[in-house]
Amino acid sequence: MPLRILLVEDDAVLSAVLAELLAECGHQVCGTATTEMAAVAAAARHAPDLMIVDAHLQAGSGVSAMRTILRHSAMPHIYITGGSRQSIPAGAVVLQKPFGKAGLLSALECRMVARP
């Protein structure tokens with residue numbers, strides 16, 4: 001089943017690659033955000049089926065953005081990170097950078113099976 005996915009990533013190249021991989025898998029990127037504040041606003045505006053969120057943004061934190069979003073609605077999400085997982089809540093689905101299509105598909109499957 002195709003998903004409407006909101007990407008929260010401050011690296012434009014990675015965001016474009018992710019959007020391309022998701023499209024190849026039949027999913028639609030319904031919006032993008034590059035900051036914590038923009039992520040919260042975009043989640044409310046787009047009401048996506050799933051969010052893929054960089055844990056460490058240059059302007060704020062993807063983890064903090066998800067805390068705010070989850071106070072208002074149960075939002076399936078996947079964190080991506082190239083650094084420490086220390087700030088990411090235990091039990092969260094995490095995709096470690098660098099990753100490929102197989103890793104992304106595995107994270108999507110894991111996240112959708114364990115919907116909040």
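Q: Which residue just after α2 takes a positive phi?
A: In this predicted model, local features need pLDDT of at least 70 and side-chain atom pairs count only at pLDDT 80 or more, while totals for chains, interfaces and linings use all residues. Residues are numbered from 1 along each chain as its sequence is written, and side-chain values use heavy atoms, with hydrogens and water left out. Helices (H or I, at least four residues) and strands (E, at least two) are DSSP runs, numbered from the N terminus. Just after α2, the residue with a positive phi, of about 45°, is A47.

Q: Which residues of helix α2 are buried?
A: A residue is called buried under 20% relative accessible area, exposed over 50%, and partly exposed in between, with a 1.4 Å probe and protein chains only. In α2, which spans residues 36-46, the buried residues are A39, A42 and A43. Seen down the helix axis, these buried residues fall within an arc of 105° (taken from the directions from the axis to the C-beta atoms), so they line one face of α2. The face turned away from that buried side carries M37, A44 and R45, which are exposed.

Q: What do the buried residues of α2 pack against?
A: Contact means heavy atoms within 4.5 Å. The buried residues of α2 pack against the strands β1, β2 and β3 and against the helix α3.

Q: How many bridges join strand β1 to strand β2?
A: Two strands pair if DSSP finds at least two bridges between them. Here β1 (residues 4-8) and β2 (residues 28-33) run parallel and are joined by 5 bridges, with R4 standing opposite Q28 in β2. Between these strands the chain passes through helix α1 (residues 12-24), and this β-α-β crossover is right-handed, a term for a path from the first strand over the helix to the second that runs clockwise when the strands point away from the viewer.

Q: Which strands pair with β4?
A: Strand β3 (residues 50-54) pairs with β4 in the parallel sense over 4 bridges, and the bridge partner of D54 in β4 is I80. The chain goes from β3 to β4 by way of helix α3 (residues 62-72), again in a right-handed β-α-β crossover. Strand β5 (residues 94-96) also pairs with β4 in the parallel sense, over 3 bridges, and there T81 has Q96 as its bridge partner.

Q: Is β4, residues 77-81, mostly covered or mostly uncovered?
A: Strand β4 is mostly covered, since 5 of its 5 residues are buried. Both of its faces are covered, with H77, Y79 and T81 buried on one side and I78 and I80 buried on the other.

Q: What does the side chain of H77 reach?
A: A polar contact is a pair of N or O atoms within 3.5 Å; within protein, one must be able to donate a hydrogen and the other to accept it, and residues adjacent in sequence count only if both atoms are side-chain atoms. The side chain of H77 reaches the backbone oxygen of M75 at 2.8 Å. Not counting residues up to four places away in sequence, H77 touches several residues, including L50, M66 and R111.

Q: How many disulfides does the structure hold?
A: A disulfide is a pair of cysteine sulfur atoms within 2.5 Å, and the structure holds 0 of them. The sulfur of C30 has its closest cysteine sulfur in C25, at 16 Å, which is too far for a bond.
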